[in-house]
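Student: Could you take me through the helix packing here? I would like a close look, with the cut-offs spelled out.

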Amino acid sequence: MRFRPCDWVGEHLSAYLDEALSGREMRQVAAHLITCHACRGALDDLRATKQALQGAEMPRPAPDFWPEVYAQVRQKSVSLPAPGISRSTWRAQLAGVWTVPRALATAAAMAAMLLLSILTRPTAPPASAPDDLGEFIAQHAQHSTAYPLSDWSRMMFIGSEANAPATVPVADESGNAP
Amino acid sequence: MGPRRSEKASRSALERTRLFEDLLRQHEDQIYRLAYRLTGNRDDAQDLIQDSVIDALVSFDRFCIGSRFDRWMQRIITNNFIDRHRARSKVKVESLDQPTGSEGEDERTLEVADVTTDPPQILEQRALDEPVQRALDELQAEYRAVVVLSDIEGYSYQEIATMLRVPIGTVRSRLNRGRNILREKLADYARQRYRR
Ligand SMILES: [Zn+2]
């Protein structure tokens with residue numbers, strides 16, 4: 001036997017069951033249910049149907065199913081961009097236009113800096129050798145800031161024989177001429 | 001700078017995979033139950049999960065850690081299921097006139113014959129749930145999804161509406177329609193077991 005609920009109530013029985021109608025609608029349906037056998041029967045069947053669904057058992061997959069899923073996850077993870085890296089950067093990395101050239105570029109930049117430091121390294125005291133040590137040190141500091149990599153050669157310069165004349169004027173000033 | 005950076009990146013990629021797996025492990029049962037009740041059989045359920053898990057992994061960076069992973073996963077599964085069904089029902093229309101019943105019967109008979117190797121618990125469960133699952137299988141995908149999400153998974157109307165990106169009124173009417181179709185199909189079974 002199948003119950004055929006009345007139109008309006010029939011459309012609201014399911015929500016009535018879930019108490020998901022407005023207060024006014026809940027009361028309207030309830031009032032109708034008191035007098036209507038078909039709607040009451042339909043509601044009871046609906047409730048039993050919901051319970052049959054709720055009582056459905058937990059189905060189980062094949063025993064090797066989840067291990068396969070995790071293996072798949074690990075395999076897929078390898079090809080995914082690292083977290084926090086934008087997709088375009090990642091694609092560029094995958095295409096090899098980023099990692100390798102970057103390493104090359106770093107090496108090239110270092111070589112260029114070294115070359116620059118060699119080229120710009122003063123092979124002799126600055127053309128106009130400072131007359132006093134204070135000024136020389138100031139110049140050295142300035143130069144070292146501008147060409148940090150040449151600092152080592154500057155230090156060698158300071159301690160070298162070539163540097164000797166620069167100190168001579170100091171001795172000169174003291175009046176002890178050679 | 002380069003190597004340290006990529007090392008850091010691969011470590012966080014490992015952490016991500018680890019976290020994803022742990023969250024998945026935590027919710028295997030609900031995930032499988034939803035997929036099974038939607039598709040109605042083990043093979044399709046497993047297919048649906050495999051595809052959905054990969055989809056989830058790919059967009060895992062967009063998952064808000066601390067929000068509910070099971071719901072996020074179930075959302076992906078449900079939407080994939082509905083999409084697949086839409087694609088499939090286009091093909092189905094052409095073969096509507098051909099009797100597909102016998103094919104299904106054969107499969108079912110085969111499955112039942114195979115049951116002897118399964119643990120007794122599963123055998124019993126299949127016998128218990130057969131009518132419910134068969135009735136669900138006959139519902140259109142959109143109705144089936146709403147009924148399963150509501151009555152098996154326990155989602156609220158609002159949650160289902162958000163999940164399927166439809167108005168709450170649509171959830172209400174689909175649920176009403178789906179449940180009433182089931183009511184007609186399952187009346188005797190349900191009355192016998194659940195009606196006082
Ligand atoms: Zn009525």
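Tutor: Helix H2 (residues 28-39) of chain B meets helix H7 (residues 141-152) of chain B, with axes that come within 10 Å and cross at roughly 140 degrees. This is a predicted model, where local features need pLDDT of at least 70, side-chain atom pairs count only at pLDDT 80 or more, and totals for chains, interfaces and linings use all residues. Residues are numbered from 1 along each chain as its sequence is written, chains are lettered from A and ligands numbered from 1 in the order written, and side-chain values use heavy atoms, with hydrogens and water left out.

Helices are DSSP runs of H or I with at least four residues, numbered from the N terminus. Axes are lines fitted to C-alpha atoms over the stretch in contact, and angles run from 0 to 180 degrees between N-to-C directions. H2(B) and H7(B) are therefore oblique. Under 35 degrees counts as roughly parallel, over 145 as roughly antiparallel, 65 to 115 as roughly perpendicular, and the rest as oblique. The crossing of H2(B) past H7(B) is right-handed, meaning that the near helix is turned clockwise from the far one by less than a right angle.

Contact means heavy atoms within 4.5 Å. From H2(B) come Arg33(B), Leu34(B), Arg37(B), Leu38(B) and Thr39(B); they meet Arg144(B), Ala145(B), Val148(B), Leu149(B) and Ile152(B) of H7(B). By class, that contact has six nonpolar, one polar and three charged residues. Ala, Val, Leu, Ile, Met, Phe, Trp, Tyr, Cys and Pro count as nonpolar; Asp, Glu, Lys and Arg as charged; the others, Gly among them, as polar.

Now go across the chains. Helix H4 (residues 65-78) of chain A and helix H3 (residues 42-58) of chain B have axes that come within 10 Å and cross at roughly 30 degrees. H4(A) and H3(B) are therefore roughly parallel. Their crossing is right-handed too. Its residues divide into nine nonpolar, four polar and two charged. Among those in H4(A) are Phe65(A), Trp66(A) and Val69(A); H3(B) supplies residues including Ile49(B), Val53(B) and Leu57(B).

Helix H1 (residues 7-17) of chain A packs on helix H9 (residues 168-194) of chain B at about 100 degrees, axes 9 Å apart. That makes H1(A) roughly perpendicular to H9(B). The residues of this contact divide into four nonpolar, four polar and three charged. Leu175(B) and Arg179(B) are among the H9(B) residues that meet H1(A). Asp18(A), in the loop between H1 and helix H2 (23-35) of chain A, also touches Leu175(B) and Arg179(B), along with Lys50(A) and Tyr157(B), not counting residues up to four places away in sequence.

Methods:
Helix = DSSP H or I, 4+ residues; strand = E, 2+ residues; numbered from the N terminus.
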